[in-house]
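Student: Could we go through this one together before I set anything up? I'd like an overview and then some details.

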Amino acid sequence: MHNNMVPTFPEPNCADLEHISLTVAEMGSIEEKTGLELEEEIPFRSSQSLRKMHAFETSHALADVSHTWIPKRLPYKVAFKSINAVLIKAKINMLLPFGPLALLLHYLTEKHGWVFLFTLVGITPVAERLGYVTEQLAFFTGPTVGGLLNATFGNATEMIISIYALKNGMIRVVQQSLLGSILSNMLLVLGCAFFTGGIVHYKEVQVFNKAAAVVNSGLLLMAVMGIMFPAVLHFTHTEVHFGKSELSLSRFSSCIMLVAYASYLFFQLKSQRNLYSPIDGEINHSEEESDEEEIPEITQWEAITWLAVLTGWISILSGYLVDAIQGASDSLNMPVAFISVILLPIVGNAAEHASAIMFAMKNKLDITLGVAIGSSTQISMFVIPFCVVVGWLMGQPMDLNFQLFETATLFITVLVVAFMLQEGTSNYFKGLMLILCYLIVAASFFVHVDPSSVDN
């Protein structure tokens, strides 16, 4: 009886067993996937599912009318978002109205001191925004072209002011403003970055890539050599042709310096990129903040448009700034050398100053050095020789003879900074020393009388 009650099943064949095993495997994989999804999305499961259902239900309705209203509203939204990101969002944009006010003062009054100060303040946020737009554009161009863009537009304000001054024959203003940009970047910008970074991270030693810093220091010493020899030739009265050999040597040295800078760009961006990679201590920080930092706020064409608009506005303000320098010197009772070496570079270095401090506070000293020392390398090896060549084309006798006082100041500054960078570490005391050195330089130029102005 019991044998009759036992149910009998047909023996499964190979095909059925294979089908069953595949089904079980699929079910297991589905359970694993759903298990992972549940572990990751349990807190948001209900809300996300409702959103997906709602989006699915309304997608067909929106598809019918999307072509009627999106083209009308989207350009306004994009334009407002772009204007908000560039002209409204940053707090420094509160200084933008000083630019138009400076133009009004120029035409309504003859107070050159106020025109100069208002133009100086008005250019500062535009220079900072120009650096921001250049960084945004670098997201779309890649590291190589992005580096070239930063090299070109990072010091665009100094180049524009220098070209306007060259047109007016103000060669000493060009020389002193470019020299002041180098001094400001190496002492003030780097000093403030080291100081703030050391205060924020006072419990740890901040480190940076010593090899990259040594390469930049070598380029700066090469620039000092190119600037020093015309001055030595002039003051030792050993020229073959008085007044001509100095100018010819300056133009030849400028071409050599431009070739050296182009080789440096190739070395940095193509040949030896691993030399400029961040050190191990900074890789973790960059990975943690990559999601926040690697998202561009404006599109590529918006960045190109803003680049053209901001460069044009800086060009307009630079013309009024150069015209008001001599009048401001008389009305404010300040030497032209102090205005050119100290005040003008603060405007041009606004973007570098803000960026260097921000990256130092995030413990990214390699980027800080790239901004501060890299900008000094740009000016000494690219902008100054470029202005000599442009002056050559304009018929202006722009040379590398920066006079004895300025050349000695540059030489000592490069030596001080090179000694600060040789250890590959930074702290707030090093930053404080650099800032105090800059105060000594500023005081020296405040009591310095330019020899060319005495001769005139």
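Student: How much of the chain is buried?
Tutor: Of the 456 residues in the protein chain, 42% count as buried, and since this is a predicted model, that figure describes computed coordinates.

Student: And which secondary structure elements does the protein chain have?
Tutor: The protein chain has 19 helices and two strands.

Student: Let's go to helix packing. How do H7 and H18 cross?
Tutor: Helix H7, residues 171–200, and helix H18, residues 428–446, have axes that come within 7 Å and cross at roughly 150°. Angles over 145 degrees count as roughly antiparallel, and therefore H7 is roughly antiparallel to H18. The crossing of H7 and H18 is left-handed.

Student: What kinds of residues are in that contact of H7 with H18?
Tutor: By class, the residues of the contact of H7 with H18 divide into 18 nonpolar, four polar and one charged.

Student: Which residues of H14 and H18 make their contact, and at what angle do the two pack?
Tutor: H14 and H18 pack at an angle of about 155°, their axes being 8 Å apart, so H14 is roughly antiparallel to H18. On the H14 side the contact is made by Ala337, Phe338, Val341 and Ile342, and on the H18 side by Tyr438, Ala442, Phe445 and Phe446. The residues of this contact of H14 with H18 divide into eight nonpolar, no polar and no charged.

Student: And H13 with H14, what's the angle there?
Tutor: Helix H13, residues 325–332, and helix H14, residues 336–348, pack at an angle of about 110° with their axes 9 Å apart, which means that H13 is roughly perpendicular to H14. In that contact, Ile325, Gln326, Ala328 and Ser329 of H13 meet Val336, Ile339 and Leu344 of H14. The contact of H13 with H14 has five nonpolar, two polar and no charged residues by class.

Student: What sits in the loop between H13 and H14?
Tutor: Asn333 is found in the loop between H13 and H14, and the phi of Asn333 is near 60°, a positive value in a residue other than glycine.

Student: Changing topic: what does Arg129 touch?
Tutor: Leaving aside residues up to four places away in sequence, Arg129 touches Ala85, Val86, Ala90, Asn93 and Leu310. Arg129 is found in helix H5, residues 112–153, and Arg129 is buried, with a relative accessible area of 6%.

Student: Where does Ala90 from that list sit?
Tutor: Ala90 is found in the loop between helix H3, 45–88, and helix H4, 98–108. Ala90 has a relative accessible area of 18% and is therefore buried, as the cut-off for buried is under 20%. The C-alpha atoms of Ala90 and Glu128, which are 38 residues apart along the chain, are separated by 9.8 Å.

Student: Last one: how far apart in space are Leu415 and Leu221?
Tutor: Leu415 and Leu221 are 8.2 Å apart in space, C-alpha to C-alpha, and 194 residues apart in sequence. Leu415 lies in helix H17, residues 404–421, and Leu415 is partly exposed, with a relative accessible area of 33%.

Student: And Val215, where is that and how accessible?
Tutor: Val215 is in helix H8, residues 210–235, and Val215 counts as partly exposed at 24% relative accessibility. Val215 and Gln268 are 53 residues apart in sequence, with 9.9 Å from C-alpha to C-alpha.

Notes: Residues numbered from 1 in each chain as written. Predicted model: local features only at pLDDT ≥ 70, side-chain atom pairs only at ≥ 80, totals over all residues. Heavy atoms only, no water. Helix = DSSP H or I, 4+ residues; strand = E, 2+ residues; numbered from the N terminus. Buried < 20%, exposed > 50% of the residue type's maximum accessible area, 1.4 Å probe, protein only. Axes fitted to C-alpha atoms, helices over the stretch in contact; angles between N-to-C directions. Parallel < 35°, antiparallel > 145°, perpendicular 65-115°, else oblique. Left-handed = near helix turned anticlockwise from the far one by under 90°. Nonpolar A, V, L, I, M, F, W, Y, C, P; charged D, E, K, R; others polar. Contact = heavy atoms within 4.5 Å.
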